[in-house]
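Let's take a short walk through the model together. Keep your viewer open and select as we go.

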Amino acid sequence: MGKTGGQIQLDSESLIKRSLKASFLFYRKIQMLLFADEEYRMILNLHGLNGSRHNTNYKLLLKIYSKDKIISPQIDYENISPLQLVEDLQQYREVDCMVGSSLGGFYAYVLSSICKVPCVLVNPCIPPERYLPFLVEEYAFTKELIYLSEMYSDNPQIVYMILGMDDDLLSPSYTEQIVDFTKIWKINGGHSMAGNQQFYSLFLHLFSFFA
């Protein structure tokens, strides 16, 4: 279940801006604590299943950060052990924030807890064992996903979550129930956020507080 945080139903860009302005002091405190030295800020971006390292989130981050501040690895989720992937990604544990979409959102959530950094989740595939066996033929790592889901179901770090309430690939209502979030935004849109201007505005406004 979610932490003591706000839930915001957004229907327009004005509501996005209003909700962010209302939370400005909250974000500003986080900025001062976590992003005190702008020169050293780094972001880890994790794409979704069969996605690209240069995904929508990456392109939006480039509007705020230079390329050398964004780590965005290409990941073959179907053929790598989840436990091995989590171990490999811990080489980036010194980043200031983790961003993940879909299956990348699950790994960002787990790594956030392990590495003790905040994360931003966009339509996260949580719990992945609920979906992966149906999305990947003969998926071999379901037991490892179950282990990670159970081990890191509670996340004491700052967790921001953006859900497209028209997502027909995952269940946003179920995700909301089980993710331990700090703050959630529910917006119009499906699983992919490509071309979603409401998402673009929210994402850019959110990260502008940390730029």
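**Starting at leucine 83**

Select leucine 83: this residue is partly exposed, with a relative accessible area of 36% (buried is under 20%, exposed over 50%, partly exposed in between; 1.4 Å probe, protein chains only). A note before moving on: this is a predicted model, where local features need pLDDT of at least 70, side-chain atom pairs count only at pLDDT 80 or more, and totals for chains, interfaces and linings use all residues. Residues are numbered from 1 along each chain as its sequence is written, and side-chain values use heavy atoms, with hydrogens and water left out.

Leucine 83 lies in helix H4 (helices are DSSP runs of H or I, at least four residues, and strands of E, at least two, numbered from the N terminus). Now colour Pro82, Leu85, Val86 and Leu89, the buried residues of H4. They cover an arc of only 100 degrees around the axis, so they sit on the same side of H4 (the arc is taken from the directions from the helix axis to the C-beta atoms). What covers them? Strand S2 (43-46), H5 and H7 are included, with contact meaning heavy atoms within 4.5 Å.

Next, select H7, residues 142-151, where Leu145, Leu148 and Ser149 are buried. Viewed down the axis of H7, these fall within an arc of 100 degrees, so they line one face of the helix. Turn to the face pointing away from that buried side, and you will find the exposed residues Lys143 and Glu150. Among the elements covering the buried residues of H7 are helix H4 (82-89), helix H5 (103-115) and helix H6 (132-135).
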